[in-house]
Each structure stands twice: as C-alpha cells, then as structure tokens.
Amino acid sequence: MSEPKKEQLRTIDDPFVALGPPGVAIRDRLKHLTDGDEKVLRLVGEHLGSLASGDLAARCRDAGDHDNDTWAARKQGLTAASSSRWAGTSPKPPTISGR
C-alpha cells in the first residue's frame with residue numbers, strides 16, 4: 001500500500017497592521033483655538049450628537065424594519081436638521097441578496 005501524497009503547506013506572510021477606514025480619525029489635535037472656536041466646536045458636537053442619538057432612537061423604534069425606505073426617511077429628516085453630508089453618515093441597512 002502506498003502512502004498518501006503529502007501536500008506542500010502554504011507559506012505564511014509576515015504580519016502587518018491593517019489601516020483603519022480613511023476619514024474617520026483625527027490624527028492631530030486642533031491647536032491655537034480661540035474661545036469662540038472652542039464654543040462653536042462644542043455646539044456643533046452637541047448638535048450632531050443629539051442628531052445621532054435621535055437617529056439611534058428611531059432605528060430602535062423601527063425594530064427589525066431596517067429597509068431602504070425607513071433609512072431614506074431618517075436621512076431626509078437628518079438632512080433637514082443638518083446637511084446631506086452629515087445625514088449620509090447615518091447607518092444604512094445591510095444589503096441582503098434576494099430582496
């Protein structure tokens with residue numbers, strides 16, 4: 001009886017660190033801000049935070065009904081309160097094949 005043929009194992013590449021998604025991390029602190037600059041940044045942060053909180057609450061109320069129509073309605077409401085760019089950061093429902 002002959003022995004089974006041994007297959008060559010693949011080589012393992014050197015480890016590496018995957019980069020995070022672009023545009024989501026500030027790599028440096030803002031410097032030399034005036035008191036007015038700080039106030040504006042805090043107000044904008046509070047406003048966008050409240051919009052994100054409200055959007056999360058709406059998603060929770062929708063329960064399992066996360067389709068493109070409910071997302072579009074949420075995005076339209078966020079656009080009215082901010083801008084389409086900020087509203088576009090609202091999580092979109094996953095695409096499921098066959099729907």
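Trainee: What does the lining of the largest pocket have, by class?

Mentor: The lining has eight nonpolar, four polar and two charged residues, where Ala, Val, Leu, Ile, Met, Phe, Trp, Tyr, Cys and Pro count as nonpolar, Asp, Glu, Lys and Arg as charged, and the others, Gly among them, as polar. This is a predicted model, in which local features need pLDDT of at least 70 and side-chain atom pairs count only at pLDDT 80 or more, while totals for chains, interfaces and linings use all residues. Residues are numbered from 1 along each chain as its sequence is written, and side-chain values use heavy atoms, with hydrogens and water left out.

Trainee: What makes a set of grid points a pocket and not a cavity?

Mentor: On a 1 Å grid over the protein atoms alone, a cavity is a set of points where a 1.4 Å probe fits but cannot get out, whereas a pocket is an open set with protein on both sides within 12 Å along at least five of seven lines, and lining residues have an atom within 4 Å of a point. The largest pocket holds about 250 Å³ of space, a volume being the space filled by probe spheres set on the points, which are joined across faces, edges and corners. Leu 48, Leu 51, Ala 52, Trp 86 and Thr 89 are the closest to its centre among the 14 residues that line it.

Trainee: Which helix gives the most to that lining?

Mentor: H1 does, with seven residues, and both H1 (35-62) and H3 (84-87) supply at least two residues each. Helices here are DSSP runs (H or I, at least four residues; strands are E, at least two), numbered from the N terminus, and the protein comes to three helices and zero strands.

Trainee: Why is Thr 70 counted as buried?

Mentor: Buried means under 20% relative accessible area, exposed over 50%, and partly exposed in between (1.4 Å probe, protein chains only); Thr 70 has 17% relative accessibility and therefore counts as buried. Thr 70 lies in H2 and, leaving aside residues up to four places away in sequence, touches Asp 62 and Asp 65, a contact being heavy atoms within 4.5 Å.

Trainee: What puts the buried residues of H2 on the same side?

Mentor: The buried residues of H2 are Thr 70, Trp 71, Arg 74 and Leu 78. They cover an arc of only 100° around the axis, which puts them on the same side of H2, the arc being that of the directions from the helix axis to the C-beta atoms. On the other side of H2, Asp 69, Gln 76 and Ala 80 are exposed, while the buried residues pack against H1 and H3.

Trainee: Why is His 32 called exposed?

Mentor: His 32 has 79% relative accessibility and therefore counts as exposed. His 32 sits in the segment before H1 and, although not a glycine, has a positive phi of about 60°. Most residues other than glycine have a negative phi.
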